[in-house]
Amino acid sequence: MSMKYASGIIIALSVDVSATILIRSRPALADVKRLAEIPKSFWGAWAPNADACANAEDHSIITLSGKSYTSSQTSCSVINVSETPGTNRPTYSARLRCVWRGQTQPTSSNLILRSDDSNRISIGSEFMTLNVYQKCSAKGPVTNGPR
């Protein structure tokens, strides 16, 4: 085998290995979609438990609509929503402009939304602090039967 031929093989292998390393080291990019509003499956009143749903005066109830998030502490308008695909269901991140009780100056806030099933969602400002809420109907909590 000639020296010229051997060096050509080594260069070709080097380029191939380098290209493989570059391709595999790039982070995976998710297909994030921008939405104008919170998806309809999240609209309605939500509470941490059935007792809170049954008591319309309970301060832990939150209400979601396409363009708003309200609670006893804040009233927010939706700026935009990002949908990121997940293993089972997508995760949504809403960018909000909120006015907190007792304040007049709006502040920016983030809200993470995940659908656990048709009547339960996980919601919070960070993944580590998501809380489970159940959907409240006009007559009280929505249930899936005994668990």
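Author: What follows is a walk through the disulfides and the residues around one of them.

The model is a predicted one, and it holds two disulfides. A disulfide is a covalent bond between the sulfur atoms of two cysteines. Counted along the chain, the bonded cysteines follow the pattern 1-4, 2-3.

Take the pair of cysteine 53 and cysteine 136, whose sulfur atoms are 1.9 Å apart. This pair links distant parts of the chain, since cysteine 53 sits in helix 2 and cysteine 136 in strand 9 (residues 131-137), 83 residues apart. Both cysteine 53 and cysteine 136 are buried, and their link, with -80 degrees about the S-S bond, is left-handed.

The other pair is cysteine 76 and cysteine 98, with 2.0 Å between the sulfur atoms. Because buried means under 20% relative accessible area, cysteine 76 at 4% counts as buried, and so does cysteine 98 at 1%.

Returning to helix 2 (residues 50-54), we also find alanine 52 there, which is buried with a relative accessible area of 2%. Leaving out residues up to four places away in sequence, alanine 52 touches Ala47, Asp58, Ser60 and Ile61. Although alanine 52 and glutamine 134 are 82 residues apart in sequence, their C-alpha atoms are 9.7 Å apart in space.

Terms used: Residues numbered from 1 in each chain as written. Predicted model: local features only at pLDDT ≥ 70, side-chain atom pairs only at ≥ 80, totals over all residues. Heavy atoms only, no water. Helix = DSSP H or I, 4+ residues; strand = E, 2+ residues; numbered from the N terminus. Buried < 20%, exposed > 50% of the residue type's maximum accessible area, 1.4 Å probe, protein only. Contact = heavy atoms within 4.5 Å. Disulfide = S-S within 2.5 Å.
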